[in-house]
Amino acid sequence: MESGCWLVALPASDGRQYVYRVYAPDDALLADLFWEAWHCHDEGPHPRAYDLFDAARIERVGSTAADI
C-alpha cells in the first residue's frame with residue numbers, strides 16, 4: 001500500500017481557510033483525512049474551524065513510486 005500526501009483545507013470562523021498536509025495511504029477514506037486535519041487544527045491556536053465535512057476541500061498531491 002503506497003502512502004501519499006493530501007491537502008485538507010478547512011474553512012474557519014474568521015473567514016480564512018487553513019490548509020493541512022496529511023500523510024495517508026492512497027486509498028484513505030476522505031472522512032479520515034478530514035478528521036485528522038480538523039483535530040490538528042482544533043488543538044492549535046487558530047480560530048475555530050467548521051466541523052462540516054462538506055465544507056472542506058481535500059486534494060491528493062505529489063506522486064508515489066507507482067506514479068513514476
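This is a predicted model: local features need pLDDT of at least 70, side-chain atom pairs count only at pLDDT 80 or more; totals for chains, interfaces and linings use all residues.
User: Where does Val61 lie, and what does it touch?

Analyst: Val61 is in strand β3. Leaving out residues up to four places away in sequence, Val61 touches Cys5, Trp6 and Leu7. Val61 and Cys5 are 56 residues apart in sequence, yet their C-alpha atoms are 5.6 Å apart in space.

User: Is Val61 buried, exposed or partly exposed?

Analyst: The relative accessible area of Val61 is 26%. Buried requires a value under 20% and exposed one over 50%, so a value in between is read as partly exposed. Val61 is therefore partly exposed.

User: Which residues have the most contacts inside the largest nonpolar core?

Analyst: In soluble globular proteins, nonpolar side chains tend to be buried together. The largest nonpolar core of this model has 14 residues, and Val8, Leu10, Val22, Leu33 and Ala37 have the most contacts inside it. At least two residues of this core come from each of β1 (3-11), β2 (17-25) and α1 (30-42).

User: What is Ala37 in contact with, apart from its neighbours in sequence?

Analyst: Once neighbours within four places in sequence are set aside, Ala37 is in contact with Val8, Leu10, Tyr20 and Val22.

User: How many aromatic pairs does the structure hold, and what is the geometry of Phe34 with Trp35?

Analyst: There are three aromatic pairs. Phe34 and Trp35 are edge-to-face, at 4.9 Å centre to centre with 70 degrees between the planes. Phe34 counts as buried, at 0% relative accessibility, whereas Trp35 is partly exposed, at 36%.

User: Why is the pair of Trp35 and Trp38 classed as edge-to-face?

Analyst: The cut-off for edge-to-face is an angle over 60 degrees between the planes. For Trp35 and Trp38 the planes are at 80 degrees and the ring centres 5.4 Å apart, so the pair is edge-to-face. The two residues are three apart in helix α1, which means that about one helical turn separates Trp35 from Trp38. Trp38 is buried, with 8% relative accessible area.

User: Which residues do the ring pairs link into a cluster?

Analyst: The cluster consists of Phe34, Trp35, Trp38 and Phe53, linked by ring pairs.

User: Now a histidine. Is His41 buried or exposed, and which side chain does it join in a polar contact?

Analyst: His41, a residue of helix α1, has a relative accessible area of 2% and is therefore buried. Its side chain is joined to that of Tyr20 by a polar contact of 2.6 Å.

User: What else does His41 touch?

Analyst: Not counting residues up to four places away in sequence, His41 touches Leu10, Tyr18, Tyr20, His46, Pro47, Arg48 and Ala49.

Terms used
Residues are numbered from 1 along each chain as its sequence is written. Side-chain values use heavy atoms; hydrogens and water are left out. A nonpolar core is a set of buried Ala, Val, Leu, Ile, Met, Phe, Trp, Tyr and Cys residues joined through side-chain atoms within 4.5 Å. Buried means under 20% relative accessible area, exposed over 50%, partly exposed in between (1.4 Å probe, protein chains only). Helices (H or I, at least four residues) and strands (E, at least two) are DSSP runs, numbered from the N terminus. Contact means heavy atoms within 4.5 Å. Rings of Phe, Tyr and Trp (its six-membered ring) pair if their centres lie within 6.5 Å; planes under 30 degrees apart count as stacked, over 60 as edge-to-face and the rest as tilted. A polar contact is a pair of N or O atoms within 3.5 Å; within protein, one must be able to donate a hydrogen and the other to accept it, and residues adjacent in sequence count only if both atoms are side-chain atoms.
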